[in-house]
Amino acid sequence: MYRRLLNPIEESVESKLMWAGIKKYLHKLTPKECEVMISLYVDHLSVRETAAKLKVDDSTVSTHHKNARDKIRNAMEE
């Protein structure tokens, strides 16, 4: 996943805005999808770090992340 480089303040603001948008849709996600989103957007862990934390493969984290994004995107369009 490509991430542009931001200064720490911009990154913090962007992360908080992203989380504010995501958290109202968490109820539509599975528990694993929630864990992945929290690890990636709140804890700022990488996919690899999230996989290690959850004791799953990197590809599993990527799948949960994609599924969660799709569900959130669909919910936002409703």
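1. The chain exposes about 5600 Å², of which carbon and sulfur atoms supply 57%; accessible areas come from the Shrake-Rupley method with a 1.4 Å probe, and for residues only the protein chains shown count as cover. The model is predicted, so local features need pLDDT of at least 70 and side-chain atom pairs count only at pLDDT 80 or more, while totals for chains, interfaces and linings use all residues. Residues are numbered from 1 along each chain as its sequence is written, and side-chain values use heavy atoms, with hydrogens and water left out.

2. Overall architecture. The chain has four helices and zero strands, and the pattern along the sequence is α-α-α-α. Its radius of gyration is 13 Å, close to the 12 Å that the globule rule gives for 78 residues, so the chain is as compact as a globular protein of that length. Helices (H or I, at least four residues) and strands (E, at least two) are DSSP runs, numbered from the N terminus. The radius is taken over C-alpha atoms, and the globule rule is 2.2 Å times the number of residues to the power 0.38. Along the principal axes, the C-alpha atoms fill a box of roughly 35 × 30 × 20 Å.

3. Burial and contacts. Of the 78 residues, 27% count as buried; buried means under 20% relative accessible area, exposed over 50%, and partly exposed in between (1.4 Å probe, protein chains only). Among contacts between residues at least 6 apart in sequence, 48% join residues at least 24 apart, a contact being heavy atoms within 4.5 Å.

4. The nonpolar core. The largest nonpolar core has 16 residues, and those with the most contacts inside it are Ile22, Leu26, Leu29, Met37, Tyr41 and Ile72. The elements that give two or more residues to this core are α1, α2, α3 and α4, with α2 giving the most, five residues. Such a core is a set of buried Ala, Val, Leu, Ile, Met, Phe, Trp, Tyr and Cys residues joined through side-chain atoms within 4.5 Å. Not counting residues up to four places away in sequence, Ile72 touches Ile22, Tyr25, Leu29 and Met37.

5. Helix α2. The buried residues of α2 (residues 31-41) are Glu33, Cys34, Val36, Met37, Ser39, Leu40 and Tyr41. Their cover includes α1, α3 (47-54) and α4 (58-77).

6. Ser39. This residue of helix α2 is buried, with a relative accessible area of 0%. Leaving aside neighbours within four places in sequence, Ser39 is in contact with His44, Leu45, Thr50 and Lys53.

7. A search of the whole structure finds six salt bridges, each defined as a side-chain nitrogen of Lys or Arg within 4 Å of a carboxyl oxygen of Asp or Glu. One of them joins the side chains of Asp58 and Arg48 (3.6 Å, N to O). This pair links distant parts of the chain, with Asp58 in helix α4 and Arg48 in helix α3, 10 residues apart. Asp58 counts as partly exposed at 30% relative accessibility, whereas Arg48 is exposed, with a relative accessible area of 62%.

8. Asp70 forms a salt bridge with Lys66, the closest N and O atoms being 2.6 Å apart. Asp70 and Lys66 are four residues apart in helix α4, and so are separated by about one helical turn. Asp70 also forms a salt bridge with Arg73, here with the closest N and O atoms 3.0 Å apart. Asp70 and Arg73 are three residues apart in helix α4, which again places about one helical turn between them. An α-helix has 3.6 residues a turn, so residues three or four places apart point the same way. Asp70 is partly exposed at 25% relative accessibility; Lys66 is partly exposed, with a relative accessible area of 41%, and Arg73 is partly exposed, with a relative accessible area of 41%.

9. A nonpolar surface patch. Ile9, Val13 and Leu17 make a nonpolar surface patch of about 330 Å². Patches are made of residues with over 30% relative accessible area and no salt bridge; like charges are joined within 9 Å, and nonpolar side chains (Val, Leu, Ile, Met, Phe, Trp, Tyr) within 5 Å. Leu17 lies in helix α1 (residues 8-23) and is exposed, with a relative accessible area of 62%.
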